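This report covers cavities, disulfides and strand pairing. The structure comes first.

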Amino acid sequence: LRVVVGFLILHSCGFVGITTAQKCTDTTTKHNTYANVKTVAAPEVANHPATQADIVFGTEASNGDHAYMRDGVLGGFDIELTNAVCKLAGKTCAIVTVPMEAMWPASYARFGWPRNTKTYPGEGYQGRWFHCTMGTENLIARQQHIAFTHPYTDPSVRTAGFVVPNAAAATFPVDAANKVVGLIAHSATAHWFQNKKTKLFNPSNVVEYATEDFLFAALASKVVSAAYVDSDTASAWLAANTGHQIVHAAPGWSKGMAFACHPEYGDFVAALNNALVTFKGSAEFTALCGKYPSITCASAGHTFSNVKTAANPEIADHPSRRADIVIGCEADWGDHNWVRHGVAGGFDYELTYKACEHANKACAIVGVPWQAVWPSDYARFGWPVNEKLYPGEGHLRRWFHCSTGTMNIIARQQSTAFSNPMIDPAQATAGFVVADANAASVRTNA
(Lines give C-alpha, C1' and ligand atoms only; values in the text may rest on other atoms or scores of the structure.)
Protein backbone atom coordinates (compact mmCIF):
# COMPACT_ATOMS: atom_id res chain seq x y z
CA LEU A 1 0.00 0.00 0.00
CA ARG A 2 2.84 2.41 0.84
CA VAL A 3 4.41 1.81 -2.56
CA VAL A 4 1.18 2.49 -4.44
CA VAL A 5 0.27 5.57 -2.44
CA GLY A 6 3.83 6.86 -2.71
CA PHE A 7 3.76 6.47 -6.47
CA LEU A 8 0.45 8.31 -6.72
CA ILE A 9 1.73 11.22 -4.66
CA LEU A 10 4.98 11.46 -6.60
CA HIS A 11 3.19 11.25 -9.92
CA SER A 12 0.58 13.88 -9.02
CA CYS A 13 3.27 16.18 -7.65
CA GLY A 14 5.11 16.23 -10.96
CA PHE A 15 8.12 14.01 -10.43
CA VAL A 16 7.39 12.13 -13.66
CA GLY A 17 8.04 14.31 -16.70
CA ILE A 18 6.68 17.56 -15.19
CA THR A 19 8.58 20.82 -14.79
CA THR A 20 9.88 22.00 -11.45
CA ALA A 21 7.40 24.88 -11.45
CA GLN A 22 4.53 22.45 -11.53
CA LYS A 23 5.73 20.33 -8.60
CA CYS A 24 3.80 20.31 -5.34
CA THR A 25 5.32 21.90 -2.27
CA ASP A 26 6.20 19.91 0.82
CA THR A 27 3.35 21.64 2.67
CA THR A 28 0.76 20.64 0.06
CA THR A 29 1.94 17.02 0.05
CA LYS A 30 1.70 16.73 3.83
CA HIS A 31 -1.96 17.66 3.77
CA ASN A 32 -3.01 15.36 0.90
CA THR A 33 -4.47 12.69 3.17
CA TYR A 34 -7.34 10.27 2.99
CA ALA A 35 -9.25 8.27 5.61
CA ASN A 36 -11.57 5.30 5.04
CA VAL A 37 -14.03 6.72 7.54
CA LYS A 38 -17.61 7.88 7.00
CA THR A 39 -18.18 11.34 8.47
CA VAL A 40 -20.86 14.01 8.44
CA ALA A 41 -18.71 15.94 5.99
CA ALA A 42 -18.06 12.84 3.83
CA PRO A 43 -21.11 10.56 4.19
CA GLU A 44 -20.30 8.85 0.89
CA VAL A 45 -17.05 7.36 2.21
CA ALA A 46 -17.28 3.75 3.38
CA ASN A 47 -15.90 2.67 6.74
CA HIS A 48 -13.03 0.19 6.54
CA PRO A 49 -11.03 -1.08 9.52
CA ALA A 50 -7.66 0.44 10.37
CA THR A 51 -6.39 -2.96 11.56
CA GLN A 52 -6.64 -6.45 10.08
CA ALA A 53 -10.27 -7.55 10.03
CA ASP A 54 -11.42 -10.49 12.13
CA ILE A 55 -14.38 -11.20 9.84
CA VAL A 56 -14.81 -10.31 6.17
CA PHE A 57 -18.42 -10.11 4.96
CA GLY A 58 -19.59 -10.40 1.37
CA THR A 59 -22.68 -8.65 0.02
CA GLU A 60 -24.06 -8.47 -3.49
CA ALA A 61 -25.26 -4.89 -2.88
CA SER A 62 -28.32 -5.56 -5.03
CA ASN A 63 -31.10 -6.63 -2.70
CA GLY A 64 -33.57 -3.81 -2.31
CA ASP A 65 -33.45 -2.02 1.02
CA HIS A 66 -31.29 -4.79 2.48
CA ALA A 67 -28.15 -3.82 0.57
CA TYR A 68 -27.74 -1.50 -2.40
CA MET A 69 -25.27 0.55 -4.38
CA ARG A 70 -26.81 3.91 -5.27
CA ASP A 71 -24.77 6.58 -7.04
CA GLY A 72 -21.71 4.53 -6.23
CA VAL A 73 -22.41 4.45 -2.48
CA LEU A 74 -23.04 1.25 -0.54
CA GLY A 75 -25.87 1.26 1.97
CA GLY A 76 -28.92 -0.48 3.35
CA PHE A 77 -30.32 -2.29 6.35
CA ASP A 78 -27.84 -5.19 6.20
CA ILE A 79 -24.84 -2.87 6.09
CA GLU A 80 -25.94 -0.93 9.16
CA LEU A 81 -26.94 -4.06 11.04
CA THR A 82 -23.62 -5.78 10.30
CA ASN A 83 -21.63 -2.84 11.62
CA ALA A 84 -23.71 -2.73 14.81
CA VAL A 85 -23.51 -6.50 15.40
CA CYS A 86 -19.74 -6.56 14.84
CA LYS A 87 -19.32 -3.78 17.39
CA LEU A 88 -21.34 -5.73 19.96
CA ALA A 89 -19.42 -8.92 19.18
CA GLY A 90 -16.11 -7.14 19.71
CA LYS A 91 -15.03 -8.05 16.17
CA THR A 92 -13.28 -5.92 13.58
CA CYS A 93 -15.24 -6.45 10.36
CA ALA A 94 -14.72 -5.57 6.72
CA ILE A 95 -17.41 -5.55 4.03
CA VAL A 96 -16.69 -6.32 0.38
CA THR A 97 -19.10 -6.42 -2.57
CA VAL A 98 -19.26 -9.67 -4.57
CA PRO A 99 -21.57 -10.97 -7.32
CA MET A 100 -24.36 -13.29 -6.17
CA GLU A 101 -23.04 -15.97 -8.56
CA ALA A 102 -19.89 -16.09 -6.41
CA MET A 103 -22.07 -16.90 -3.39
CA TRP A 104 -24.84 -19.09 -4.78
CA PRO A 105 -24.30 -19.85 -8.48
CA ALA A 106 -27.16 -20.88 -10.73
CA SER A 107 -24.68 -23.14 -12.51
CA TYR A 108 -21.18 -24.59 -12.12
CA ALA A 109 -20.68 -25.18 -15.84
CA ARG A 110 -16.89 -25.33 -15.72
CA PHE A 111 -17.15 -28.10 -13.15
CA GLY A 112 -19.71 -30.07 -15.13
CA TRP A 113 -22.96 -28.72 -13.69
CA PRO A 114 -24.96 -26.62 -16.20
CA ARG A 115 -27.45 -26.20 -13.33
CA ASN A 116 -26.42 -26.15 -9.70
CA THR A 117 -28.98 -28.73 -8.58
CA LYS A 118 -26.94 -29.64 -5.49
CA THR A 119 -26.88 -25.99 -4.31
CA TYR A 120 -23.10 -26.06 -4.05
CA PRO A 121 -21.75 -22.84 -2.50
CA GLY A 122 -20.03 -20.49 -4.94
CA GLU A 123 -16.34 -19.80 -5.42
CA GLY A 124 -16.53 -16.86 -3.01
CA TYR A 125 -17.28 -19.27 -0.16
CA GLN A 126 -15.06 -22.08 -1.41
CA GLY A 127 -12.04 -19.84 -2.05
CA ARG A 128 -12.55 -17.82 1.17
CA TRP A 129 -13.06 -14.49 -0.56
CA PHE A 130 -14.98 -13.77 2.63
CA HIS A 131 -15.81 -15.59 5.85
CA CYS A 132 -19.55 -14.84 5.87
CA THR A 133 -22.24 -13.18 3.81
CA MET A 134 -25.08 -10.97 4.97
CA GLY A 135 -28.72 -10.85 3.85
CA THR A 136 -28.74 -14.55 2.99
CA GLU A 137 -31.94 -16.57 2.98
CA ASN A 138 -31.55 -19.63 5.17
CA LEU A 139 -32.76 -22.48 2.97
CA ILE A 140 -32.27 -26.07 4.06
CA ALA A 141 -30.50 -26.85 0.76
CA ARG A 142 -28.00 -24.07 1.45
CA GLN A 143 -27.60 -24.96 5.12
CA GLN A 144 -26.31 -28.41 4.17
CA HIS A 145 -23.05 -26.72 3.16
CA ILE A 146 -23.04 -23.36 4.99
CA ALA A 147 -23.60 -22.42 8.65
CA PHE A 148 -26.31 -19.84 9.41
CA THR A 149 -26.74 -17.51 12.36
CA HIS A 150 -30.00 -16.60 14.04
CA PRO A 151 -32.30 -14.79 11.59
CA TYR A 152 -32.79 -11.06 11.63
CA THR A 153 -35.95 -11.09 9.50
CA ASP A 154 -39.15 -12.79 10.60
CA PRO A 155 -39.37 -16.17 8.80
CA SER A 156 -43.09 -16.49 9.49
CA VAL A 157 -43.96 -13.36 7.48
CA ARG A 158 -42.03 -13.72 4.22
CA THR A 159 -43.86 -16.12 1.98
CA ALA A 160 -43.25 -17.45 -1.53
CA GLY A 161 -45.85 -18.17 -4.18
CA PHE A 162 -46.93 -17.99 -7.80
CA VAL A 163 -47.61 -14.66 -9.53
CA VAL A 164 -50.25 -15.42 -12.18
CA PRO A 165 -52.78 -13.53 -14.34
CA ASN A 166 -56.00 -12.77 -12.50
CA ALA A 167 -57.95 -14.98 -14.90
CA ALA A 168 -55.85 -18.01 -13.91
CA ALA A 169 -55.73 -17.41 -10.17
CA ALA A 170 -58.79 -19.42 -9.13
CA THR A 171 -57.74 -22.59 -10.94
CA PHE A 172 -53.96 -22.49 -10.69
CA PRO A 173 -52.86 -25.76 -9.02
CA VAL A 174 -50.98 -25.55 -5.73
CA ASP A 175 -48.25 -27.83 -7.12
CA ALA A 176 -48.13 -26.05 -10.51
CA ALA A 177 -48.96 -29.37 -12.19
CA ASN A 178 -48.58 -29.19 -15.98
CA LYS A 179 -47.64 -25.50 -15.84
CA VAL A 180 -44.54 -23.69 -17.07
CA VAL A 181 -42.99 -21.90 -14.11
CA GLY A 182 -40.42 -19.10 -14.30
CA LEU A 183 -37.75 -18.45 -11.68
CA ILE A 184 -35.02 -15.88 -11.04
CA ALA A 185 -31.75 -17.75 -11.53
CA HIS A 186 -29.59 -18.06 -8.39
CA SER A 187 -32.36 -16.61 -6.21
CA ALA A 188 -33.34 -18.26 -2.93
CA THR A 189 -36.80 -19.09 -4.27
CA ALA A 190 -35.24 -20.75 -7.33
CA HIS A 191 -33.06 -22.97 -5.13
CA TRP A 192 -36.08 -23.84 -2.98
CA PHE A 193 -38.37 -24.59 -5.91
CA GLN A 194 -35.83 -26.71 -7.80
CA ASN A 195 -35.05 -28.79 -4.73
CA LYS A 196 -38.73 -29.43 -4.05
CA LYS A 197 -39.66 -30.53 -7.56
CA THR A 198 -41.56 -33.84 -7.54
CA LYS A 199 -41.94 -33.56 -3.76
CA LEU A 200 -44.02 -30.36 -3.62
CA PHE A 201 -44.12 -29.11 -7.20
CA ASN A 202 -44.87 -30.86 -10.50
CA PRO A 203 -44.52 -28.30 -13.31
CA SER A 204 -44.30 -29.38 -16.93
CA ASN A 205 -41.25 -27.15 -17.35
CA VAL A 206 -39.12 -24.68 -15.40
CA VAL A 207 -37.34 -21.70 -16.98
CA GLU A 208 -34.74 -19.66 -15.08
CA TYR A 209 -34.15 -16.00 -16.00
CA ALA A 210 -31.09 -13.88 -15.24
CA THR A 211 -33.11 -11.04 -13.66
CA GLU A 212 -36.58 -10.43 -12.29
CA ASP A 213 -37.23 -8.00 -15.16
CA PHE A 214 -36.70 -10.81 -17.67
CA LEU A 215 -38.86 -13.15 -15.58
CA PHE A 216 -41.81 -10.78 -15.36
CA ALA A 217 -41.49 -9.89 -19.05
CA ALA A 218 -41.86 -13.61 -19.80
CA LEU A 219 -44.92 -13.75 -17.52
CA ALA A 220 -46.50 -10.72 -19.18
CA SER A 221 -45.95 -12.22 -22.64
CA LYS A 222 -47.27 -15.61 -21.46
CA VAL A 223 -44.04 -17.46 -22.14
CA VAL A 224 -44.43 -18.84 -18.62
CA SER A 225 -47.68 -19.59 -16.78
CA ALA A 226 -46.44 -18.27 -13.46
CA ALA A 227 -43.50 -16.61 -11.74
CA TYR A 228 -42.50 -18.24 -8.46
CA VAL A 229 -41.02 -15.52 -6.23
CA ASP A 230 -40.91 -14.34 -2.63
CA SER A 231 -43.64 -12.05 -1.32
CA ASP A 232 -41.40 -8.95 -1.27
CA THR A 233 -40.50 -9.33 -4.96
CA ALA A 234 -44.13 -10.04 -5.81
CA SER A 235 -45.44 -7.03 -3.88
CA ALA A 236 -42.99 -4.64 -5.53
CA TRP A 237 -43.92 -5.83 -9.03
CA LEU A 238 -47.67 -6.03 -8.41
CA ALA A 239 -47.70 -2.47 -7.07
CA ALA A 240 -46.71 -1.24 -10.53
CA ASN A 241 -48.44 -3.89 -12.67
CA THR A 242 -52.15 -4.65 -12.75
CA GLY A 243 -53.89 -7.79 -13.95
CA HIS A 244 -51.90 -10.25 -11.84
CA GLN A 245 -51.88 -11.57 -8.28
CA ILE A 246 -49.94 -13.97 -6.08
CA VAL A 247 -51.51 -17.34 -5.22
CA HIS A 248 -50.61 -20.21 -2.89
CA ALA A 249 -48.21 -17.95 -0.99
CA ALA A 250 -46.87 -19.84 2.01
CA PRO A 251 -44.16 -19.51 4.66
CA GLY A 252 -41.73 -22.28 5.53
CA TRP A 253 -39.54 -21.98 2.43
CA SER A 254 -36.97 -19.94 4.36
CA LYS A 255 -35.74 -19.82 7.95
CA GLY A 256 -35.30 -16.07 7.52
CA MET A 257 -32.46 -13.83 6.41
CA ALA A 258 -29.26 -14.22 8.38
CA PHE A 259 -25.49 -14.16 8.24
CA ALA A 260 -24.19 -17.23 6.44
CA CYS A 261 -20.62 -18.36 7.13
CA HIS A 262 -18.40 -21.05 5.70
CA PRO A 263 -18.82 -23.93 8.18
CA GLU A 264 -15.11 -23.75 9.01
CA TYR A 265 -15.85 -20.62 11.04
CA GLY A 266 -18.12 -21.94 13.77
CA ASP A 267 -16.52 -19.51 16.22
CA PHE A 268 -17.67 -16.56 14.10
CA VAL A 269 -21.21 -17.93 13.96
CA ALA A 270 -21.25 -18.24 17.76
CA ALA A 271 -19.95 -14.70 18.26
CA LEU A 272 -22.43 -13.22 15.79
CA ASN A 273 -25.31 -15.14 17.40
CA ASN A 274 -24.51 -13.79 20.85
CA ALA A 275 -24.38 -10.26 19.48
CA LEU A 276 -27.58 -10.71 17.45
CA VAL A 277 -29.57 -11.77 20.51
CA THR A 278 -28.44 -8.65 22.36
CA PHE A 279 -28.91 -6.30 19.42
CA LYS A 280 -32.38 -7.60 18.48
CA GLY A 281 -33.55 -6.74 21.98
CA SER A 282 -32.26 -3.17 21.83
CA ALA A 283 -33.83 0.18 21.04
CA GLU A 284 -31.17 0.64 18.35
CA PHE A 285 -32.52 -2.39 16.48
CA THR A 286 -36.08 -1.11 16.79
CA ALA A 287 -34.98 2.23 15.33
CA LEU A 288 -33.11 0.52 12.48
CA CYS A 289 -36.20 -1.53 11.61
CA GLY A 290 -38.29 1.65 11.65
CA LYS A 291 -35.85 3.27 9.25
CA TYR A 292 -36.50 0.45 6.73
CA PRO A 293 -40.27 -0.27 6.93
CA SER A 294 -40.12 -2.65 3.95
CA ILE A 295 -38.18 -5.14 6.11
CA THR A 296 -40.02 -7.30 8.65
CA CYS A 297 -37.56 -7.69 11.47
CA ALA A 298 -37.20 -10.78 13.62
CA SER A 299 -37.47 -10.72 17.40
CA ALA A 300 -34.79 -11.79 19.86
CA GLY A 301 -36.78 -15.02 20.21
CA HIS A 302 -36.19 -16.04 16.58
CA THR A 303 -33.19 -18.38 16.78
CA PHE A 304 -31.49 -21.03 14.67
CA SER A 305 -29.01 -23.80 15.43
CA ASN A 306 -26.83 -25.74 12.97
CA VAL A 307 -27.57 -29.01 14.77
CA LYS A 308 -29.41 -32.07 13.48
CA THR A 309 -32.06 -33.24 15.96
CA ALA A 310 -34.92 -35.73 16.03
CA ALA A 311 -37.30 -32.81 15.57
CA ASN A 312 -35.22 -31.30 12.75
CA PRO A 313 -33.51 -34.19 10.93
CA GLU A 314 -33.13 -32.12 7.76
CA ILE A 315 -30.69 -29.68 9.39
CA ALA A 316 -27.00 -30.38 8.82
CA ASP A 317 -24.50 -30.46 11.68
CA HIS A 318 -21.80 -27.79 11.56
CA PRO A 319 -19.17 -27.19 14.26
CA SER A 320 -19.77 -24.53 16.90
CA ARG A 321 -16.05 -23.68 17.01
CA ARG A 322 -13.33 -23.21 14.40
CA ALA A 323 -13.06 -26.41 12.37
CA ASP A 324 -9.81 -28.36 12.55
CA ILE A 325 -10.49 -30.09 9.23
CA VAL A 326 -12.66 -29.01 6.28
CA ILE A 327 -13.82 -31.96 4.18
CA GLY A 328 -15.14 -31.68 0.63
CA CYS A 329 -17.91 -33.98 -0.57
CA GLU A 330 -19.58 -34.13 -3.98
CA ALA A 331 -22.90 -35.31 -2.50
CA ASP A 332 -23.72 -37.17 -5.71
CA TRP A 333 -22.48 -40.76 -5.43
CA GLY A 334 -25.23 -43.24 -4.67
CA ASP A 335 -25.48 -44.44 -1.09
CA HIS A 336 -22.05 -43.02 -0.31
CA ASN A 337 -23.15 -39.37 -0.39
CA TRP A 338 -26.13 -37.51 -1.76
CA VAL A 339 -28.35 -34.44 -1.71
CA ARG A 340 -32.00 -35.46 -2.00
CA HIS A 341 -34.73 -32.82 -1.97
CA GLY A 342 -32.15 -30.41 -0.57
CA VAL A 343 -30.93 -32.65 2.28
CA ALA A 344 -27.42 -34.17 2.35
CA GLY A 345 -26.74 -37.65 3.67
CA GLY A 346 -25.23 -41.05 3.04
CA PHE A 347 -22.60 -43.46 4.34
CA ASP A 348 -19.68 -41.08 3.81
CA TYR A 349 -21.30 -38.26 5.77
CA GLU A 350 -22.09 -40.48 8.75
CA LEU A 351 -18.70 -42.19 8.72
CA THR A 352 -16.83 -38.88 8.43
CA TYR A 353 -18.59 -37.38 11.43
CA LYS A 354 -17.87 -40.50 13.48
CA ALA A 355 -14.22 -40.60 12.42
CA CYS A 356 -13.80 -36.93 13.39
CA GLU A 357 -15.47 -37.60 16.73
CA HIS A 358 -13.04 -40.46 17.49
CA ALA A 359 -10.09 -38.33 16.33
CA ASN A 360 -11.30 -35.52 18.63
CA LYS A 361 -11.36 -33.12 15.69
CA ALA A 362 -13.98 -30.50 14.81
CA CYS A 363 -14.84 -31.18 11.17
CA ALA A 364 -16.85 -29.19 8.65
CA ILE A 365 -18.24 -30.85 5.53
CA VAL A 366 -18.93 -28.71 2.46
CA GLY A 367 -20.39 -29.76 -0.88
CA VAL A 368 -18.12 -29.34 -3.90
CA PRO A 369 -18.51 -30.41 -7.55
CA TRP A 370 -16.52 -33.57 -8.30
CA GLN A 371 -14.67 -31.85 -11.17
CA ALA A 372 -13.20 -29.53 -8.51
CA VAL A 373 -11.83 -32.61 -6.74
CA TRP A 374 -10.63 -34.75 -9.70
CA PRO A 375 -11.22 -33.01 -13.05
CA SER A 376 -11.51 -34.95 -16.29
CA ASP A 377 -9.74 -32.08 -18.06
CA TYR A 378 -7.67 -28.98 -17.35
CA ALA A 379 -8.38 -27.32 -20.71
CA ARG A 380 -7.64 -23.80 -19.49
CA PHE A 381 -4.20 -25.00 -18.42
CA GLY A 382 -3.52 -26.76 -21.71
CA TRP A 383 -4.75 -30.27 -20.91
CA PRO A 384 -7.95 -31.19 -22.82
CA VAL A 385 -7.71 -34.55 -21.02
CA ASN A 386 -6.33 -34.73 -17.48
CA GLU A 387 -4.12 -37.72 -18.27
CA LYS A 388 -1.68 -36.86 -15.46
CA LEU A 389 -4.54 -36.93 -12.94
CA TYR A 390 -3.69 -33.52 -11.56
CA PRO A 391 -5.83 -32.81 -8.48
CA GLY A 392 -8.68 -30.35 -9.01
CA GLU A 393 -8.94 -26.73 -8.01
CA GLY A 394 -10.63 -27.67 -4.77
CA HIS A 395 -7.48 -29.46 -3.64
CA LEU A 396 -5.02 -26.99 -5.14
CA ARG A 397 -6.80 -23.82 -4.04
CA ARG A 398 -7.36 -25.20 -0.53
CA TRP A 399 -11.13 -25.18 -0.70
CA PHE A 400 -10.87 -28.08 1.74
CA HIS A 401 -8.18 -30.05 3.54
CA CYS A 402 -9.48 -33.50 2.59
CA SER A 403 -12.21 -35.09 0.47
CA THR A 404 -14.40 -38.02 1.47
CA GLY A 405 -15.55 -41.03 -0.55
CA THR A 406 -12.46 -40.92 -2.80
CA MET A 407 -11.16 -44.03 -4.55
CA ASN A 408 -7.45 -44.57 -3.85
CA ILE A 409 -5.78 -45.29 -7.17
CA ILE A 410 -2.03 -45.06 -7.60
CA ALA A 411 -2.18 -42.20 -10.13
CA ARG A 412 -4.15 -40.08 -7.66
CA GLN A 413 -1.96 -41.06 -4.73
CA GLN A 414 1.06 -39.49 -6.43
CA SER A 415 -0.37 -36.05 -5.64
CA THR A 416 -2.74 -36.66 -2.74
CA ALA A 417 -2.30 -38.53 0.56
CA PHE A 418 -4.88 -41.20 1.37
CA SER A 419 -6.09 -42.50 4.73
CA ASN A 420 -6.87 -46.12 5.57
CA PRO A 421 -9.75 -47.31 3.34
CA MET A 422 -13.37 -47.09 4.42
CA ILE A 423 -14.50 -49.94 2.11
CA ASP A 424 -13.04 -53.37 1.41
CA PRO A 425 -10.70 -52.94 -1.60
CA ALA A 426 -11.13 -56.62 -2.45
CA GLN A 427 -14.80 -55.96 -3.14
CA ALA A 428 -14.22 -52.82 -5.22
CA THR A 429 -14.01 -54.44 -8.65
CA ALA A 430 -14.05 -52.90 -12.12
CA GLY A 431 -14.88 -54.47 -15.46
CA PHE A 432 -16.52 -54.12 -18.88
CA VAL A 433 -20.29 -53.78 -19.30
CA VAL A 434 -21.19 -55.28 -22.69
CA ALA A 435 -24.19 -56.62 -24.54
CA ASP A 436 -25.00 -60.23 -23.62
CA ALA A 437 -24.35 -61.33 -27.20
CA ASN A 438 -20.79 -59.98 -27.05
CA ALA A 439 -19.84 -61.19 -23.59
CA ALA A 440 -18.09 -64.37 -24.66
CA SER A 441 -15.91 -62.64 -27.25
CA VAL A 442 -14.60 -59.69 -25.16
CA ARG A 443 -10.99 -60.26 -24.19
CA THR A 444 -9.67 -59.22 -20.80
CA ASN A 445 -7.52 -56.46 -22.33
CA ALA A 446 -10.41 -55.29 -24.57
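## Cavities

A cavity is a set of points, on a 1 Å grid over the protein atoms alone, where a 1.4 Å probe fits but cannot get out; lining residues have an atom within 4 Å of a point. Grid points are joined across faces, edges and corners, and a volume is the space filled by probe spheres set on the points. The model is predicted: local features need pLDDT of at least 70, side-chain atom pairs count only at pLDDT 80 or more, and totals for chains, interfaces and linings use all residues. Residues are numbered from 1 along each chain as its sequence is written, and side-chain values use heavy atoms, with hydrogens and water left out.

There are three cavities of 30 Å³ or more. The largest cavity holds about 90 Å³ of space. Its lining has 13 residues, and Ala-106, Asn-116, His-191, Gln-194 and Glu-208 lie nearest the centre. Helix H7 (residues 188-195) gives the most to this lining, with four residues. Helices (H or I, at least four residues) and strands (E, at least two) are DSSP runs, numbered from the N terminus. The lining of the largest cavity divides into three nonpolar, eight polar and two charged residues. Here Ala, Val, Leu, Ile, Met, Phe, Trp, Tyr, Cys and Pro count as nonpolar, Asp, Glu, Lys and Arg as charged, and the others, Gly among them, as polar.

The second largest cavity holds about 40 Å³. Leu-139, Ile-140, Ala-141, His-191, Trp-192, Asn-195, Lys-196, His-341 and Gly-342 line it. Helix H5 (140-143) and H7 are the elements that give two or more residues to this lining. H7 gives the most, with three residues.

## Disulfides

The structure holds four disulfides. A disulfide is a pair of cysteine sulfur atoms within 2.5 Å. Counting bonded cysteines along the chain, the pattern is 1-2, 3-4, 5-6, 7-8.

In the disulfide of Cys-86 and Cys-93, the sulfur atoms are 2.1 Å apart. The torsion about its S-S bond is about -95°, so this disulfide is left-handed. Cys-86 counts as buried at 3% relative accessibility, and Cys-93 counts as buried at 15%. Buried means under 20% relative accessible area, exposed over 50%, and partly exposed in between (1.4 Å probe, protein chains only).

Cys-132 and Cys-261 form a disulfide with sulfur atoms 2.1 Å apart. This link is right-handed, with 100° about the S-S bond. Cys-132 lies in strand E6 (residues 132-137) and Cys-261 in strand E13 (residues 257-261), so the pair ties together parts that are 129 residues apart in sequence. Both cysteines are buried.

Cys-329 is in no disulfide; the nearest cysteine sulfur, that of Cys-356, is 12 Å away. Cys-329 is buried, with a relative accessible area of 1%. Cys-402 is in no disulfide either, and the nearest cysteine sulfur, that of Cys-363, is 8.2 Å away. Cys-402 is partly exposed, at 37%.

## Strand pairing

Five of the six residues of strand E8 (residues 160-165) are buried, so E8 is largely enclosed by the rest of the structure. Two strands pair if DSSP finds at least two bridges between them. Five bridges join E8 to strand E12 (residues 244-250), running antiparallel. Four bridges join E8 to strand E11 (residues 226-230), also antiparallel. Ala-160 stands opposite Ala-250 in E12, and has Asp-230 as its bridge partner in E11.

Methods
1 Å grid on protein atoms, 1.4 Å probe; cavity = no way out; pocket = protein on both sides within 12 Å on 5 of 7 lines; lining within 4 Å.
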